[in-house]
Structure formats: structure tokens, C-alpha cells
Amino acid sequence: MHISFISYLLSTMTANNTVKKYTPFPALHFPERKWPQQTLTKPPRWLSTDLRDGNQALVQPMDGDAKLRFFQHLVKFGYKEIEVSYPSASQTEFEFTRRLITTGAIPDDVWIQVMAPCREELIRTTIEAARGAKKVIVHIHLSTSEVFREVVFNMTEQETIELAVRCARLIRNLTKDSADPEMRQTEWTLEFTPENFQDTSLEFALEICEAVKAAWEPTEENKIIFNVAATVEVAMPNVFADQIEYFCTHISDREKVSVSLHNHNDRGCAVAATEMGQLAGADRVEGCLFSNGERTGNVDLVTLALNLYTQGVDPGIDFGNLNEVVDMVEELTKIPVHFRAPYAGKYTFCTFTGTHQDAIRKGYKSRARLEERLGPSAKWRMPYLPMDPADLGRKHEAIIRLNSQSGKGGIGWFVNEVFEVDMPRDLEVAFTRVVKSYSEEKGVEITHDIIEELFRSRYMLPKPEGVQLLSCKLRTGKVCSAKSNGVNGVNGVNGHAVSGANGVNGHANDHANDHANGHANGKPKPNGKPAIHEHTNTVHLHANIAIQGVRQTISGSGDDILTSLADAVRGLGFCFDVLDYKTEWQHHEGAGENDESTRRSAGFVKLVSGDKTAWGVGIQEDSILASLHAILSAAAKLE
Ligand SMILES: CC(=O)SCCNC(=O)CCNC(=O)[C@H](O)C(C)(C)COP(=O)(O)OP(=O)(O)OC[C@H]1O[C@@H](n2cnc3c(N)ncnc32)[C@H](O)[C@@H]1OP(=O)(O)O
Ligand SMILES: CC(C)C(=O)C(=O)O
Ligand SMILES: [Mg+2]
């Protein structure tokens with residue numbers, strides 16, 4: 001006891017001591033800040049650095065062919081600025097840059113960006129690699145933070161500024177001021193990254209950028225890019241936004257400057273920081289698809305673009321087939337996209353959870369009604385789904401998946417996907433118990449196949465083809481003289497008495513319209529009998545059926561077709577009452593309204609005998625046959 005108390009004390013002391021290694025990042029005193037009141041209304045200038053920052057962080061950097069494929073995809077998605085290489089790093093990088101230029105792979109409106117450190121010979125190599133391209137951003141980087149200056153470079157602030165200015169002048173001489181006419185044909189832009197800007201004093205960051213700007217002399221038409229990088233994310237996004245607003249409002253010649261963000265994700269806030277940085281005035285954003293890049297990665301360009309999209313702002317990048325983007329990135333980087341990545345993850349639009357499934361199912365039903373009235377551009381209002389998966393080409397993916405956490409909403413959704421029917425609520429509740437106990441017992445995810453198997457075995461005839469309806473005649477006879485609708489004696493259900501085997505299918509619509517419209521969702525009265533319609537007619541049914549090839553004649557009477565059919569089935573020796581029933585017509589997707597061959601009917605019947613109840617379901621082309629199957633199936637379960 002005593003010893004464990006001492007070791008507990010020691011362990012807390014150790015923990016307290018290690019945390020003291022870290023210094024809180026100071027907030028900026030900047031009461032003039034305006035960014036919290038801003039909103040994002042337009043996309044930034046995007047730069048993809050997948051082929052540079054993303055590539056340098058791979059176990060095996062991409063070869064030329066892989067980089068070319070990636071580049072072509074980036075162009076297809078709509079990126080107009082693409083950092084293609086670090087040409088001084090390797091022969092592959094240099095040759096890839098040459099290949100892009102000499103093969104004409106770069107569209108006229110796309111800027112390539114090539115990167116180098118502030119080292120003269122490496123800058124020369126970099127610019128040589130870009131020779132002959134139409135539009136080139138030469139990107140140099142130099143860390144400005146105190147720790148880097150002291151630990152890595154051993155340089156004073158003044159020496160750092162001098163190095164940056166020397167490099168800017170060199171680039172100017174080799175490019176826009178070059179004596180070489182070929183070089184002057186290219187449109188050149190300079191990007192300067194004060195690396196670790198976030199951890200640099202703002203005064204020094206401004207001072208070095210002013211000096212580089214003076215050396216380069218940008219114009220309003222061809223702005224210099226200051227890429228104020230969170231090379232390592234060390235502060236909260238609100239602090240970053242303050243830093244950006246301060247930089248944007250204190251740099252001179254703002255109209256000749258493009259302020260660019262380059263956020264890494266060390267604290268997991270890169271997306272938030274980049275969005276707030278734009279609120280604070282930044283014009284441009286560098287990042288990688290699905291957050292590839294050094295350590296925890298660069299900011300995710302997909303999330304940023306789709307966050308704008310879901311605010312009603314067109315990002316100018318086409319992610320209409322997001323799975324293709326995922327496949328391409330996974331194949332070329334060999335890094336899987338996380339299952340729960342925003343927008344792109346396999347589980348992003350998918351839920352296993354009962355209440356979520358219920359809400360989504362109701363949401364889709366309400367959406368269908370809304371779209372019927374207002375068309376597909378009706379405002380998106382969907383529980384749990386912040387955007388329409390169809391906009392990302394993910395319409396046909398599983399939104400609902402079933403396990404023991406699911407409820408009737410999700411299970412009803414699956415039954416609808418398998419059988420194209422909506423179960424009555426009471427059946428949904430009953431079937432949910434069946435599915436959940438199966439899932440718990442087996443400990444497995446419930447697939448469509450399992451749902452089909454469980455549903456068929458519980459509610460449908462084992463061999464539906466064994467029960468046939470050869471002919472059927474219906475007559476209605478008025479029982480109540482009160483509330484006569486003028487129909488007298490035999491009217492054969494809207495005048496369509498049916499006979500003969502073919503007649504069953506041939507006149508299915510006639511039964512159906514009456515059956516479905518008149519009696520769908522027949523609710524039991526409190527005493528357990530279906531409600532009787534006000535102008536009560538009695539329906540007499542006479543049918544020839546075959547069960548396993550054995551012909552039988554059945555007849556019965558009731559308040560409507562279903563109860564007369566149930567009465568007829570009782571004549572086969574069954575004993576039950578009808579508690580509840582529902583019939584519905586299905587129309588297959590894409591079929592014309594009157595295309596009978598694609599129509600099917602579903603009958604759901606709940607029967608009671610003594611203290612036992614059973615549901616039965618039939619799905620057939622003919623509505624009476626569907627109901628016959630449902631009744632026989634439930635009746636057999638009661639035996
Ligand atoms: C935050 C970022 O992602 S920046 C992107 C950096 N990208 C890369 O480094 C990928 C490609 N890099 C490479 O292939 C190599 O590192 C090269 C070709 C750039 C340089 O290679 P080497 O000459 O072998 O040097 P090494 O890789 O050890 O780099 C460290 C040297 O560069 C210096 N250095 C580092 N960054 C910079 C910079 N921005 N500007 C100038 N010098 C720099 C270091 O001070 C060090 O110099 P020292 O040897 O005199 O102490
Ligand atoms: C822009 C460059 C230097 C970079 O990758 C970074 O700062 O993270
Ligand atoms: Mg980086």
C-alpha cells in the first residue's frame with residue numbers, strides 16, 4: 001500500500017515535469033482583427049503540392065510515369081497551379097519537369113511551380129529544369145523562425161534577409177531579366193516561403209518579405225507570392241488567423257502580393273486554420289489531396305474544396321467522381337485514405353446506427369417529395385448527411401449498413417432495397433426483432449443476402465411458384481341499402497369480372513386499382529376486424545387455384561377483396577382472422593407508368609388464431625395472387 005502510493009506520487013511528478021518542457025504559444029494582442037466577422041464567399045487560388053510536398057514524404061517517391069498520371073488528374077480536376085517538382089533533388093525530379101515541358105503536357109492556362117532552397121547552384125538547376133515552359137512559379141524557401149536560424153543555419157536575422165534577397169536577385173537575373181530570349185518568353189512569378197512563418201516574429205517575417213519584394217519588383221498583374229507557412233503547426237487556428245490578418249494588413253503594396261497559406265496538420269487543425277486564414281485575408285492555398293505530406297500531412301485540398309461546396313460556393317475543382325480520386329491517390333502514393341476521411345472515406349456516408357438510419361430514411365422520403373415539387377436543385381436538408389453523396393458520384397454506395405446497433409428504419413431500408421417494398425410498420429417492428437437477435441447471436445454484419453434469407457423464411461412461401469391462381473371471379477353485392485352509390489347487384493368490381501388463367505394477369509390492374517386504392521393499409525378495428533367502408537358492399541370471390549399442381553376451387557365473401565380471399569382460404573381447412581393487411585404496387589425504376597410488364601404487387605397480411613399471430617408476405621405480378629401467397633404463408637405459420 002505504502003509502496004504503491006510512493007510510486008503513484010513519483011509517476012505524477014514525472015508527468016508534471018515532462019509537460020513543463022513545453023511553452024504555450026502566445027496569443028497575439030490584435031484587437032483590430034476583423035476576420036471573425038468575415039465569411040468565405042469565393043474559392044482561393046489553389047495550388048496542389050502533391051507532386052512536391054506530398055511526394056517528398058512518401059516511402060518511395062513517385063517515378064516519372066506516376067507523377068505524370070497524377071499531374072494529368074490534377075489538371076482534369078481543375079487545378080491551375082501545380083507544384084511539379086524539386087528539380088535539384090534528383091535526376092527523376094529534373095527529368096520529369098523536362099518531360100512535362102517538352103511533351104506539351106502542360107495546358108496553356110496551367111502554371112507549374114518548381115522549388116529550391118536558397119542555394120545558388122540549386123536555384124540554377126531549378127530554373128534550367130523549367131526552361132521553355134509557358135508559366136512558371138519559381139519557389140524558394142528559407143526558414144525564418146528563431147529556432148531554425150539558431151539551430152539549423154546559425155544565421156542572424158540580417159544574414160537571413162541578405163541570403164533571401166541575393167536569391168531573389170539571382171532568380172530575377174536568370175528569368176525575367178535574363179539575356180537569354182528563350183527565358184524571357186516564359187511568364188515567371190516568384191514565390192518566397194518564410195518557412196515556419198507561424199513560429200517567426202511577425203515583424204521579422206514582414207521585414208524579410210518586404211526586402212524580397214523590393215528585390216523582385218512584382219506588378220499588380222504578376223504578383224509576388226508570399227507563402228506564409230505553418231510548416232509545423234504550433235498554435236491554434238484563431239492565433240494563426242490573427243497572424244495572417246496582421247501580415248495582410250501590414251505588408252506594403254498589398255495589390256502586388258498574393259498571400260498564400262501552406263498549413264501542416266501537426267495539431268490536427270490544418271483545415272480550420274486554412275479556412276480562418278482565408279477569412280483573415282489570404283488569397284491562395286497550398287495543400288495535397290487527402291492530406292498527404294510531411295508528418296501529419298499538408299492541409300487536405302479535398303476537404304477544403306468540399307467544405308466550400310457545401311456552403312454553396314463553387315470551389316472550381318471537380319470532385320464529381322470522388323472514388324476515382326481516392327483510387328488514383330491510393331494507387332500512386334500507396335497510402336490508404338482513411339475510412340472516416342471527410343467526404344471520401346468509405347464510411348463517411350454510411351451509418352450502422354438505428355436512430356441515424358431512421359432519420360436518414362425519413363429524410364430520403366421527404367427529399368423525394370421535395371424534388372417532385374422543386375426539382376433536383378431543391379435545398380439539401382437531410383438528417384446526418386451534410387451533403388448529397390450523389391454529388392460526389394457516390395449515389396449507389398451503401399448509406400445504411402446493418403448490425404446489432406440498427407433499428408427498424410435501417411432494416412426497412414434494406415428490405416426495400418432487396419424486395420422494393422415498404423413493410424407495414426407493425427411488420428417492420430416484428431422483423432427488426434428477428435434481424436437483431438440474428439445479428440447478436442451470430443455477431444456479424446447483416447448483408448442484403450441475409451435480409452433476403454431471413455425475410456423469405458419468416459414471411460413468404462418456401463416455393464412460391466407452387467401456388468398458382470388459375471382463374472378468379474369477383475362480384476360485389478350491396479348489403480346496406482343506406483349510402484348506396486348507385487351500384488346495384490353484381491358489378492364485378494368496377495365491372496371487371498375476371499376468369500381464365502390468362503385473365504388473372506391480363507386484368508391485374510383492375511383488381512389492383514380497387515384492391516390497392518380502396519383497401520391499402522386496411523387497419524383493424526379495435527375488435528381485430530378490418531374497418532368496413534361506409535357504403536358497404538360484400539365482395540364474393542370464386543377462384544380456381546393450384547397448390548403443388550393440385551387444383552382446388554375456393555370461394556368466400558368479405559368486406560373487400562382481401563377478406564373475401566381470406567374467407568376462401570379458410571375453406572381449405574385453416575382457421576384464422578385477419579388482423580391487419582396492406583397491399584402496394586411497385587413500379588420498377590426507369591419503367592414507364594403504363595408498362596405492365598414491370599409492375600408487381602406486394603401483399604402483407606397479419607393473421608391471428610387463438611393467441612398466435614403471424615405475418616405473411618406475397619410479391620407477385622398479380623395483386624390477388626400476391627395476397628393469396630401472403631395469406632397461405634401466414635396461415636401455415638399458425639398451424
Ligand atoms: C519544409 C519543406 O518541406 S522544405 C522542402 C525541402 N525539400 C527537400 O529537402 C527535398 C529535396 N532535398 C534534397 O534533395 C536535398 O536535401 C538537397 C538537394 C536540397 C540538398 O542536399 P545536400 O546538399 O546533401 O544537403 P542536405 O540535404 O543535408 O541539406 C542540408 C543543408 O541545406 C541547408 N539548407 C536547408 N534548408 C535550406 C534553405 N531553405 N536554404 C538554404 N539552405 C538550406 C542546411 O543548412 C544544410 O546546410 P549545411 O550542410 O551547410 O549545414
Ligand atoms: C512551403 C515549403 C517550404 C513547405 O513545405 C513548408 O513550409 O511546409
Ligand atoms: Mg510543407
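# Reading a predicted fold, feature by feature

Student: Let's begin with helix H3: which of its residues are buried?

Tutor: In H3, the buried residues are Lys-67, Phe-70, Phe-71, Leu-74 and Phe-77. A residue is called buried if 20 or more other C-beta atoms lie within 10 Å of its own, exposed if 12 or fewer do, and partly exposed in between, with C-beta atoms placed from the backbone. Seen down the axis of H3, these buried residues fall within an arc of 125 degrees, so they line one face of the helix. The arc is taken from the directions that lead from the helix axis to the C-beta atoms. Asp-65 and Gln-72, on the other side of H3, are exposed.

Student: What should I know about the model and its numbering?

Tutor: This is a predicted model, in which local features need pLDDT of at least 70 and side-chain atom pairs count only at pLDDT 80 or more, while totals for chains, interfaces and linings use all residues. Residues are numbered from 1 along each chain as its sequence is written, and chains are lettered from A and ligands numbered from 1 in the order in which they are written.

Student: What span should H3 have, and how far apart are its end C-alpha atoms?

Tutor: The expected span is 1.5 Å times one less than the number of residues. For the 14 residues of H3 (residues 64–77) that comes to 20 Å, and the end C-alpha atoms are 20 Å apart, which agrees. After H3 comes Gly-78, with a positive phi near 120 degrees.

Student: Which elements do the buried residues of H3 pack against?

Tutor: They pack against strands E1 (45–48) and E2 (81–85), and against helices H2 (50–56), H4 (91–102) and H13 (322–333). Two residues count as in contact if their C-beta atoms, placed from the backbone, lie within 7 Å.

Student: Which residues are buried in helix H5?

Tutor: H5 (residues 120–129) has Ile-123, Thr-126, Ile-127 and Ala-129 buried. They cover an arc of only 155 degrees around the axis, which puts them on the same side of H5. Exposed Glu-120 and Glu-121 sit on the face turned away from that buried side. The cover over the buried residues includes H4, strand E3 (111–117), strand E4 (135–143) and helix H7 (157–174).

Student: What surrounds ligand 1?

Tutor: A residue is near a molecule if its C-beta atom, placed from the backbone, lies within 6 Å of it. For ligand 1 there are 16 surrounding residues, the closest being Tyr-86, Ala-89, Pro-117, Cys-118 and Leu-142. Elements H2, E4 and helix H6 (146–153) each give two or more residues to this shell. Its residues divide into eight nonpolar, four polar and four charged. Here Ala, Val, Leu, Ile, Met, Phe, Trp, Tyr, Cys and Pro count as nonpolar, Asp, Glu, Lys and Arg as charged, and the others, Gly among them, as polar.

Student: And which residues surround ligand 2?

Tutor: The shell is made of Asp-53, His-141, Thr-193, Glu-195, Asn-227, Ala-229, Thr-231, His-262 and His-264. Strands E5 (187–195) and E6 (224–230) each supply at least two of the shell residues. By class, one is nonpolar, six are polar and two are charged.

Student: Where are the domains, and how do domains 2 and 3 meet?

Tutor: The assignment (automatic or from a database) gives domain 1 (40–321), domain 2 (354–459) and domain 3 (466–587 + 596–638). Ten residues of domain 2 are in contact with twelve of domain 3. On the domain 2 side, the largest share, three residues, comes from helix H16 (residues 425–442). That side has seven nonpolar, no polar and three charged residues.

Technical notes:
Helices (H or I, at least four residues) and strands (E, at least two) are DSSP runs, numbered from the N terminus.
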